[in-house]
Amino acid sequence: MAAPCYLGWDFSTQQLKVIAIDEQLRVIYEDNVHFDKDLPEFKTQGGVYIHSDRLTVTSPVLMWVKALDMILEKMRSSGFNFSQVKALSGAGQQHGSVYWKKGSIQILKNASSELPLHQSLKGCFSVSNSPIWMDSSTASQCRALEKAVGGAQQLASVTGSRAYERFTGNQIAKIYSQNPEVYKQTERISLVSSFAASLFLGTYAPIDYSDGSGMNLLQIWEKAWSKSCLDACAPGLEERLGCPVPSHSVLGPISPYYSQRYGFSPDCKIVAFTGDNPASLAGMRLQEGDIAISLGTSDTLFLWIQEPTPALEGHILCNPVDSQTYMALLCFKNGSLMRERIRDDCASGSWDEFSKALSSTVAGNNGNLGFYFDVMEITPEAVGIHRFNRDNEKVSNFPKEVEIRALIEGQFMAKRIHAEKLGYKVLPRTRILATGGASHNKKILQVLSDVFSAPVFTIDTANSACLGSAYRAIHGLVDERNVSLADVVKLAPEPRLAVTPAPGAQELYCPLLKRYAELEQKVIYNPVPSCLVK
Ligand SMILES: Nc1ncnc2c1ncn2[C@@H]1O[C@H](COP(=O)(O)OP(=O)(O)O)[C@@H](O)[C@H]1O
Ligand SMILES: O=C(CO)[C@@H](O)[C@H](O)COP(=O)(O)O
């Protein structure tokens, strides 16, 4: 009999990725489908459509299904033995939502194994372009939700976050208010994560507590939907969402579709899918005191936290691997796509040239600082490019190399400042665990290490959400025997030291961080209050 293995999936913004691990937790297979390149018929840019209002951002739901068909075919052609898979789990970009049309559950259950799944499911979605995390078109729904529950802080105290435009409750409220007919035709609303789990399960998969915490709808302490939040967003929402479940739940066996079409064992178990950041927390085996920084399409920073205090900035999510604790998360929208834009403008589109510019400029950039927000930032709420010289004077451009260093230093100073606002302290034992596409770049990691005055570690794969999902698949099978994820991953290789701070970094960045925080106040988005508009 073939040796057992476990699959971890990640339905992220730009790609669908998969990792297989064996019982020794070694990665034995890794693959991906890149939406723009491999599925050009959907005409996405960076996996998304940015609509003409520049606020609405969606992705075609059928693209995600077609990507799954494609990656499974790739695995089959490479000789992957699906019958070895004992369990699988996965992750999805957070907050995005999928709207299943009435009657779709039957189509999902009875999909013919003769056809690729996207052909069977093409009529199943009442909203063909799913709102995703980059969307910021729901400001009015956010204000209405906060008002309905007694204010922003009250909403944060209940759900872990004040109202954020990308959070799913506000997205659902927008769909309901703009198109009540479409909402009426919808029998189920999934997150990207629970949607992906549904594809494997052959029926609607529940939302897990951790990804469910990114909706402004879940009471993070009681781990149940908040009636007042549901009612403020749309009628009949509870039945459309289903009951949330613990993130380690075994949802059932894989749908017969996969056994018949690809040769999966009918006993292969599906463990609840979760958000990509929660899955990364599992993949990076965060310890208390560590800080994780993911440099993917979005940049995120997250911590394992015992006793959270939800505030007006940042998010508290239920912890995906330990039901007693939480994770704190900060999200920065101008991550890799912003870096790519500056790479294209200042380094001829080459990461090598970009890295050389970081090497040829000095830490601290001679006092030049910059804020780079091509799109409205989440942390802090600000937009535009703002450059300041060493005398805090606004300047309209920097030489190319200075621009590159100002971007990277600025991105990491913002992370440190906002993490410290959350109460995080850099201590002598602090480890930064870096992941995501840009964590391949040592020069970028050096700046990260210098700005935080802490060593940066990486794991063998930058796809920590996939790896964490594979670990969670194993954990799901043994959790009822009270085995913790930490026990499950004991054998996995430890994160490896990638870079350490340069001598003097602490002294250099201390005053710069203070200046950056002060200048940030000047660039924060300040809409003119409507009462002052003549
Ligand atoms: N050498 C590199 N230096 C900096 N950034 C890189 C490098 N290689 C890849 N990236 C960035 O990684 C990003 C993709 O990261 P990834 O974590 O896979 O994103 P996601 O999971 O959101 O799809 C790309 O958009 C690219 O900008
Ligand atoms: O909105 C958030 C977190 O709150 C994003 O981090 C999304 O979860 C997208 O993830 P990536 O595709 O960038 O990994």
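Arg339 and Asp299 are both buried, and their side chains meet in a salt bridge with an N to O distance of 2.8 Å. This pair links distant parts of the chain, since Arg339 sits in helix 15 (residues 336-346) and Asp299 in strand 16 (residues 299-305), 40 residues apart. The model is predicted. In total, the structure holds 21 salt bridges.

**Other salt bridges**

- Glu41 and Lys66 form a salt bridge in which the closest N and O atoms are 2.7 Å apart.
- Glu41 belongs to the loop between helix 1 (35-38) and strand 4 (49-50), and Lys66 to helix 2 (residues 61-77), so this bridge ties together parts that are 25 residues apart in sequence.
- Glu41 is partly exposed at 42% relative accessibility, and Lys66 is also partly exposed, with a relative accessible area of 23%.
- Lys184 pairs with Glu181 in a salt bridge whose closest N and O atoms are 3.9 Å apart; the cut-off for a salt bridge is 4 Å, so the pair counts as one.
- Both Lys184 and Glu181 lie in helix 8 (residues 180-184), three residues apart, which is about one turn of the helix.
- Lys184 is exposed, with a relative accessible area of 52%, whereas Glu181 counts as partly exposed at 45%.
- Glu73, Arg76 and Arg261 are joined in a network of salt bridges.

**A buried arginine without a salt bridge**

- Arg472 is part of helix 19 (residues 464-478).
- Arg472 is buried but has no salt bridge.
- The side chain of Arg472 does make a polar contact, at 3.0 Å, with the side chain of Ser89.

**The second largest pocket**

- The volume of the second largest pocket is about 450 Å³.
- Its lining consists of 28 residues, and those nearest the centre of the pocket are Trp304, Val321, Ser484, Leu485 and Ala486.
- Helix 14 (276-283) and helix 20 (485-488) each contribute at least two residues to the lining of this pocket.
- Sorted by class, the lining has 13 nonpolar, eight polar and seven charged residues.

Definitions and conventions: Residues are numbered from 1 along each chain as its sequence is written. Chains are lettered from A and ligands numbered from 1 in the order in which they are written. This is a predicted model: local features need pLDDT of at least 70, side-chain atom pairs count only at pLDDT 80 or more; totals for chains, interfaces and linings use all residues. Side-chain values use heavy atoms; hydrogens and water are left out. On a 1 Å grid over the protein atoms alone, a cavity is a set of points where a 1.4 Å probe fits but cannot get out, and a pocket is an open set with protein on both sides within 12 Å along at least five of seven lines; lining residues have an atom within 4 Å of a point. Grid points are joined across faces, edges and corners, and a volume is the space filled by probe spheres set on the points. Helices (H or I, at least four residues) and strands (E, at least two) are DSSP runs, numbered from the N terminus. Ala, Val, Leu, Ile, Met, Phe, Trp, Tyr, Cys and Pro count as nonpolar, Asp, Glu, Lys and Arg as charged, and the others, Gly among them, as polar. Buried means under 20% relative accessible area, exposed over 50%, partly exposed in between (1.4 Å probe, protein chains only). Lys and Arg count as positive and Asp and Glu as negative; His and the chain ends are not counted. A polar contact is a pair of N or O atoms within 3.5 Å; within protein, one must be able to donate a hydrogen and the other to accept it, and residues adjacent in sequence count only if both atoms are side-chain atoms.
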